[in-house]
Amino acid sequence: MKKIISILMIGLLILSLAACGKGETNEQGYYNKLNVYNWGDYIDPQVLEDFEEEYGIKVNYENYANNEEMLAKIQAGGTEYDVIFPSEYMVEAMIKQGLLLALDMNNLPNMKNIGEQFKNLPYDPDNKYSVPYFWGTMGIIYNTKKVEGQVDSWNILWDEKYKGDILMLDSSRDTIGIALKRLGYSLNTRSLEELERAKVELMNQKPLVKAYEVDAYKDMMIAGEAAMALTWSGDAMLLVEENPDLAYVIPKEGTNLWFDAMAIPTTSQHKREAELFIDYMLRPEVAAKCAEYVMYATPNEAAKALLSEDVIEDELAYPKGDIMEKGEVFIDLGEFTTEYDRVWTEIKAK
Amino acid sequence: MKKQWLSVPYGIWALVFSIAPILIIAVYSFCSRSAYGNIIYEFTAENYGKFLEPIYINVLWRSVLLATQSTLACFILGYPMAMIIAKSTIKKRNIMVMLFVLPLWTNFLLRTYAWMVLLRDQGVINQFLIYIGIIDEPLKLLYSHNAVLLGMVYNFLPFMVLPIYSVLSKLDNSLVEAAEDLGAPPWQVFLKVIFPLSLPGVISGAIMVFMPAVSTFVISDLLGGGQTVLLGNLIQNQFLVARNWQFGSAISMIMIIMILITMGITSKYQGEGGGRQLW
Amino acid sequence: MVKKLCKAAYAGIIYVFLYLPILVLIVYSFNDSKYRGNWSGFTLRWYQELMRDRTIISALYNTFTIAILASLLATVIGTAAAIGIHHMKPRAKAVFMNITYLPVMNPDIVIGISLLALFVWLKFKLGYITLLLAHVTFNIPYVILAVLPKIYQLNPHLEEAALDLGATPLQAFFKVILPEIMAGVVTGFLLAFTLSLDDFMVSFFTTGSGVNTLSIKIYSMTKLGVSPKINALSTILFIGVLSLLIILQQRASNIKE
């Protein structure tokens with residue numbers, strides 16, 4: 001018995017050492033390893049395999065659950081991530097801290113596929129550091145069997161009629177953001193007075209709220225156990241598909257527009273291969289594959305053309321007209337972030 | 001050979017991987033903060049001062065209360081279970097122990113989601129209760145204090161049962177028999193003989209339940225619907241939302257010092273009063 | 001007889017409590033919907049998708065090798081430490097016990113971030129080895145806490161008797177002491193293994209170079225909803241471990257007969 005265990009142990013050790021083999025240049029002249037750092041399930045795994053086959057570069061694929069976690073890892077060092085997928089405000093924060101490498105547009109010919117309205121946004125004015133990956137809006141998903149009449153305003157989330165039937169997002173920026181929007185303020189406000197007013201609104205709303213959630217609220221909506229929830233457009237699309245009684249609306253007061261991007265952090269040792277990967281991700285057929293897998297809206301116009309008619313015509317995912325009129329993009333708040341956190345703690349701990 | 005030397009490898013390990021990191025956290029807790037939350041090595045005690053605000057003290061109180069409740073619940077549910085396992089035949093014992101930890105080998109998040117399915121308004125438990133006619137209206141089980149408590153008991157129960165079981169399994173049976181022969185009724189045998197002898201196991205179990213319970217955050221987020229903020233949530237938020245590592249570090253330092261002081265007092269009290277140490 | 005029935009009923013209820021969520025989790029691995037909202041039909045689709053996703057398979061491999069290696073190492077170091085601590089003078093004992101409590105009460109995120117800072121400061125490249133070191137670190141205290149009560153229970157004359165009868169200290173340990181404290185050592189190992197399998201926060205901050213664990217994979221999916229692929233995987237693992245357990249148990253009872 002003891003022998004078996006020791007043999008097993010040695011075997012495991014050898015295997016574990018073999019797992020981290022050394023990288024080197026391959027026949028096509030590329031370094032043969034690339035470290036990609038992404039949200040979980042945010043890419044079609046097939047795409048990674050195709051990339052490996054085409055260029056002979058092995059993709060080391062690692063995941064994170066939250067922008068700040070990723071930031072902490074990049075800041076600390078000790079890692080060699082080549083491509084990351086930060087959200088818009090995180091792109092901005094990372095640029096300001098000098099944590100991103102400038103992209104060489106000559107190596108990204110497929111950048112032409114990105115729609116004009118998704119280029120040069122305030123978080124990265126000349127797209128010097130990032131390329132958009134997916135985008136969407138925030139809004140209310142509601143059950144048409146439980147909610148009567150027209151829903152077009154954030155006010156419904158404060159309606160006493162739906163006491164205990166309202167789900168909010170457990171995310172300080174988003175939930176405080178819509179309270180600010182409802183009051184007619186910017187969701188990037190740095191005015192303490194405006195923030196305090198939003199706090200009072202949310203404290204008044206708390207007795208009506210069933211839960212502050214991030215993931216499982218979707219199950220509640222499908223099961224018809226809540227009347228409405230704050231949600232992102234990508235998820236809304238999937239929810240409506242599951243339960244046809246549900247509907248999604250972007251309130252008239254305006255909302256939040258979000259973008260997730262691809263960028264190269266300063267930890268990267270292989271920028272050329274990282275750019276190769278990003279350009280590959282911008283190919284119409286690759287971007288379309290990812291859009292089909294994740295079901296979020298792609299900013300890649302050429303890829304959009306490859307998607308089915310139903311999807312493109314769905315106004316939930318792809319609102320018509322000038323999207324910038326629908327809402328605001330989050331700006332990184334710098335040191336003011338702690339005020340949002342204090343307010344959020346006060347609301348939740350009440 | 002002096003036995004104390006056996007703990008030298010652990011001593012070195014702890015020095016490098018437990019104490020050094022705590023020192024780093026202690027340094028962070030006294031540092032200032034830049035606009036992007038970076039650590040600036042300038043002394044300040046502000047992070048500790050901030051914790052004295054009423055909302056944070058309130059959070060602390062609630063966390064300690066909840067952890068105490070879940071430790072007690074684990075003890076009350078777990079002790080009889082440990083006794084049952086310990087009294088089974090050796091053949092049965094092993095499988096019963098394995099069956100006790102097996103559920104914990106599936107992912108924590110999935111297990112918690114499964115509890116949400118069970119506890120929902122139209123979930124399995126409510127539907128069952130309505131079906132057998134105990135209730136007419138679904139009970140509000142999910143998103144409550146009790147749901148959080150249940151989640152904690154579910155996840156920490158084995159940490160109470162296993163140490164108690166391992167002590168009970170090798171209890172000196174002659175002592176129990178002697179007490180019985182001398183005419184002690186079963187409950188007295190238990191209270192005066194079995195329970196005191198199993199105390200080291202109970203203490204181990206209580207520590208392994210109480211301490212993680214104080215700092216947990218996922219259970220309160222998911223089963224409590226994010227409506228209760230516990231110490232664990234507070235610390236988590238400082239690191240992952242507010243980018244205020246300094247404050248997060250200060251909170252966890254306060255927690256560590258508080259618990260160490262409590263442990264110190266209890267062990268001293270036990271040492272003098274009972275003439276016996278924790279172990 | 002009534003007493004026996006009561007006991008069986010109590011154990012039964014506790015086990016139902018432990019396994020009810022596992023049952024739910026298995027059922028939902030066959031649900032056609034990505035969400036756990038309603039039952040929308042039987043499917044094996046998630047099992048097929050699981051086979052397609054090689055990142056999950058490599059995460060599975062890392063998770064189990066790390067858990068086995070870390071809990072074995074922690075059991076050896078922790079058991080030795082527990083024996084040492086038991087023989088210490090009260091003051092040294094108190095110091096060692098307090099050090100032992102540190103990783104148990106420290107929130108995972110604090111352990112994770114402080115170890116990350118330490119590894120970077122020591123110029124370690126983050127990856128498999130740092131992940132292993134971190135897991136051993138938070139596992140050892142649980143082994144100590146599980147083994148100590150057993151040592152306390154030990155008859156101090158047992159070892160003396162063995163030594164008097166001519167056993168070497170090593171023989172005395174392996175032939176006399178170890179069998180006596182085995183229940184505690186096994187408990188410690190099981191707890192350590194369980195903690196390793198389930199850890200997310202510490203693993204997240206101490207890994208790198210593309211070394212994912214299952215927990216990291218699962219938590220990182222919360223943004224888009226945890227895929228039932230993971231339920232499918234858990235079902236396979238659960239059934240696998242359970243069958244293994246039953247086979248071992250049957251072989252053991254055959255030998256005894």
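**Notebook: chains A, B and C**

I started with the domains of chain A, where the assignment lists domain 1 (26-133 + 258-318) and domain 2 (136-257 + 327-349); such bounds come from an automatic or database domain assignment.

Ground rules before going on. I am looking at a predicted model, where local features need pLDDT of at least 70, side-chain atom pairs count only at pLDDT 80 or more, and totals for chains, interfaces and linings use all residues. Residues are numbered from 1 along each chain as its sequence is written, while chains are lettered from A and ligands numbered from 1 in the order in which they are written.

**Chain A, between its domains**

I took the centres over C-alpha atoms: domain 1 of chain A and domain 2 of chain A sit 28 Å apart. Their contact involves 15 residues from domain 1 of chain A and 16 residues from domain 2 of chain A. Contact here means that two C-beta atoms, placed from the backbone, lie within 7 Å.

Next I asked which elements supply the domain 1 side of chain A that touches domain 2 of chain A. I found α4 (88-96) and β9 (255-263) of chain A, each with at least two residues. Helices (H or I, at least four residues) and strands (E, at least two) are DSSP runs, numbered from the N terminus. α4(A) gives the most to that side, with 4 residues. By class, I noted 12 nonpolar, no polar and 3 charged residues on the side of domain 1 of chain A that touches domain 2 of chain A. For the classes, Ala, Val, Leu, Ile, Met, Phe, Trp, Tyr, Cys and Pro count as nonpolar, Asp, Glu, Lys and Arg as charged, and the others, Gly among them, as polar.

**Chain A against chain C**

I then looked up the A-C contact, where 35 residues of chain A meet 40 residues of chain C. On the chain A side, the elements giving two or more residues are α1 (2-19), β1 (33-39), β2 (58-64), α3 (67-76), α7 (217-223) and α8 (233-242) of chain A. β2(A) gives the most to this side, with 5 residues.

**Chain B**

Chain B has 12 helices and 2 strands, and I read its order from the N terminus as α-β-β-α-α-α-α-α-α-α-α-α-α-α. Its C-alpha trace spans about 70 × 65 × 30 Å along the principal axes. Of the contacts in chain B with a separation of 6 or more, 66% are between residues 24 or more positions apart.

For burial, chain B has 279 residues and 47% of them count as buried. The rule: a residue is buried if 20 or more other C-beta atoms lie within 10 Å of its own, exposed if 12 or fewer, and partly exposed in between, with C-beta atoms placed from the backbone. I picked out α11(B), where 10 of the 10 residues are buried, so this helix is largely enclosed by the rest of the structure. Among them are L231(B), N233(B), Q236(B) and F239(B).

**Chain B against chain C**

I counted this one from both sides: 70 residues of chain B are in contact with 78 residues of chain C. Several helices of chain B give two or more residues to its side, including α3 (54-87), α7 (145-168), α9 (186-215) and α11 (231-240). The largest share, 12 residues, comes from α1(B). The side of chain B that touches chain C divides into 51 nonpolar, 15 polar and 4 charged residues.

**Chain C**

I checked confidence here: mean pLDDT is 87 for chain C, with 99% of its residues at 70 or more. pLDDT is the predictor's confidence in each residue, from 0 to 100. The complex gets an ipTM of 0.87 and a pTM of 0.88 from the predictor.

The assignment for chain C gives domain 1 (1-43 + 233-257) and domain 2 (55-226), with centres 27 Å apart over C-alpha atoms.

How long is helix α5 (residues 108-121) of chain C? Its 14 residues reach 20 Å from first C-alpha to last, close to the 20 Å expected at 1.5 Å a residue. The expected span is 1.5 Å times one less than the number of residues. In α5(C), 12 of the 14 residues are buried, among them D108(C), G112(C) and F119(C). K123(C) follows α5(C) and has a positive phi, near 60°.

Last, helix α6 (residues 128-153) of chain C: its 26 residues should span 38 Å at 1.5 Å a residue, and its end C-alpha atoms are 38 Å apart, which agrees. I still found a kink of about 30° at N139(C), shortly before the proline P141(C). The bend at a residue is the angle between axes fitted to the seven residues ending there and the seven starting there. 23 of the 26 residues of α6(C) are buried, so this helix is largely enclosed by the rest of the structure.
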